[in-house]
Amino acid sequence: MLKSRIIPCLDVNDGRVVKGVKFQNLRDAGSPVELAAHYEAQGADELVVLDVSATRQARLAMLETIEEVRKQLSIPLTVGGGVGSVEDAGRLLGAGADKVSINSAAVRNPDLINEMADRFGAQCTVVAVDAKRDTSQENFWQVMTRSGTQGEPLDAAKWAGEAQQRGAGEILLTSFDRDGTRSGYDLELMDAVVAACSLPVIASGGADSVQHMVEAFEHGAHAVLAASIFHDKNMTVADVKRDLAKMGIEVRQ
Ligand SMILES: O=C(O)c1ccccc1NC[C@H](O)[C@H](O)[C@H](O)COP(=O)(O)O
C-alpha cells in the first residue's frame, strides 16, 4: 500500500512565499529557500512550489529560486505556475524540479499534456485543477485558470478524467472556495474527481487540522497539500505525521 504523503506548498510571488485566501490578499510568509529546508527537516514527503508572480521578470527569476531550493532538498520537488509550453517545463526540470504542474496552459491547449507526458514521462506531468463550486448546478465544479481569476466552461471532474486520458501522472486538486479558509478540504469535490479519474490526487485548499487530512485520505486523496497551517506555524509536518500514524494512516516516518 502506498504511504500517504504530506506536501507543504510554497506559493511564490516575486521571490517571496505568500499566502492568501481564495488567491487574494497575499501576505508575506517568508523565504522559499529557508522554508523548503525547514519543511524537509520536519519530515515533508514532497514540496510544491507555485509561482504566482504577476510580472514576467519575476517569473524568469523563478529558475534561480528553483535552483536554490533544489540545493536544500532531497525530497521530490513539484514546480508550477505560469508554465506555458514544453520548453518552459524543460527549463524547470533542468533547474531541478522533479515534476512540473500545468493549469491554464493545459486548459488553453490540452495537447500540452500529451506533449509533456511524451517528452518527460507521466511521472513528471502534474495537471493542476483549480475548482470552484458552481452553486447553480448540483455536483458541478468549474475549472478556474489564471490564478483563480478566469472561470472556464469546463467541469473539474471531467477535466481530470481527460488529463488522465492524455497521459498526466498526477492531479493537484485545489478547491478555490476552501483555499486559505481553514474550513477543511472540499470532500465532495474530491469524491467527484476520484470517481472520474484513477490517477493519484493531491488534495489542496482548506486544511486546518489532522482530522481534515484524514477526511481527505478517506475520500481518496493519495496526498494532502497544505500551506496556511504550516506557514502560520499552527503545526509542523512532524506533528501531523505523528498524529496520522496514531490514527492508523500509514505515513513515511
Ligand atoms: O494557484 C494559484 O494560482 C494561486 C495564486 C495565488 C495564490 C494562491 C494560489 N493557489 C493556492 C495554493 O495552491 C494554496 O497554497 C493551496 O490552495 C493550499 O491552501 P491552504 O492550505 O488552504 O493555505
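1. How many nonpolar, polar and charged residues does the lining of the largest cavity have? By class, that lining has five nonpolar, two polar and one charged residues, where Ala, Val, Leu, Ile, Met, Phe, Trp, Tyr, Cys and Pro count as nonpolar, Asp, Glu, Lys and Arg as charged, and the others, Gly among them, as polar.

2. On provenance, this is a predicted model, in which local features need pLDDT of at least 70 and side-chain atom pairs count only at pLDDT 80 or more, while totals for chains, interfaces and linings use all residues. Residues are numbered from 1 along each chain as its sequence is written, and side-chain values use heavy atoms, with hydrogens and water left out.

3. The search of the whole structure finds one cavity of 30 Å³ or more, a cavity being a set of points, on a 1 Å grid over the protein atoms alone, where a 1.4 Å probe fits but cannot get out. Its volume is about 30 Å³, taken as the space filled by probe spheres set on the points, with grid points joined across faces, edges and corners. The residues that line this cavity, having an atom within 4 Å of a point, are L173, S175, Y185, D186, L189, M190, A203 and S204. Two or more of the lining residues come from each of β10 (170–175), α7 (187–196) and β11 (201–204); these elements are DSSP runs numbered from the N terminus, helices being H or I of at least four residues and strands E of at least two.

4. The largest pocket holds about 910 Å³ of space, a pocket being an open set of grid points with protein on both sides within 12 Å along at least five of seven lines. Its lining has 44 residues, of which F23, L50, V52, D130 and S147 are the closest to the centre. The lining of the largest pocket divides into 16 nonpolar, 19 polar and nine charged residues.

5. The ligand takes up the space of the largest pocket, in the sense that more than half of its atoms lie within 2 Å of the grid points. Around the ligand are 19 residues, with D11, G180, G206, A227 and S228 the closest; a residue belongs here if one of its heavy atoms lies within 4 Å. This shell divides into eight nonpolar, seven polar and four charged residues, and β1 (5–13) and β12 (223–226) each supply at least two of its residues.

6. Taken alone the ligand exposes 530 Å², of which the protein buries 95%, with accessible areas from the Shrake-Rupley method and a 1.4 Å probe.

7. The second largest pocket has a volume of about 310 Å³. Among the 14 residues of its lining, R56, R59, L60, G82 and D88 are the closest to the centre. Two or more lining residues come from each of α2 (56–72), β5 (77–80) and α3 (86–95), and α2 gives the largest share, five residues. By class, the lining of the second largest pocket has six nonpolar, three polar and five charged residues.
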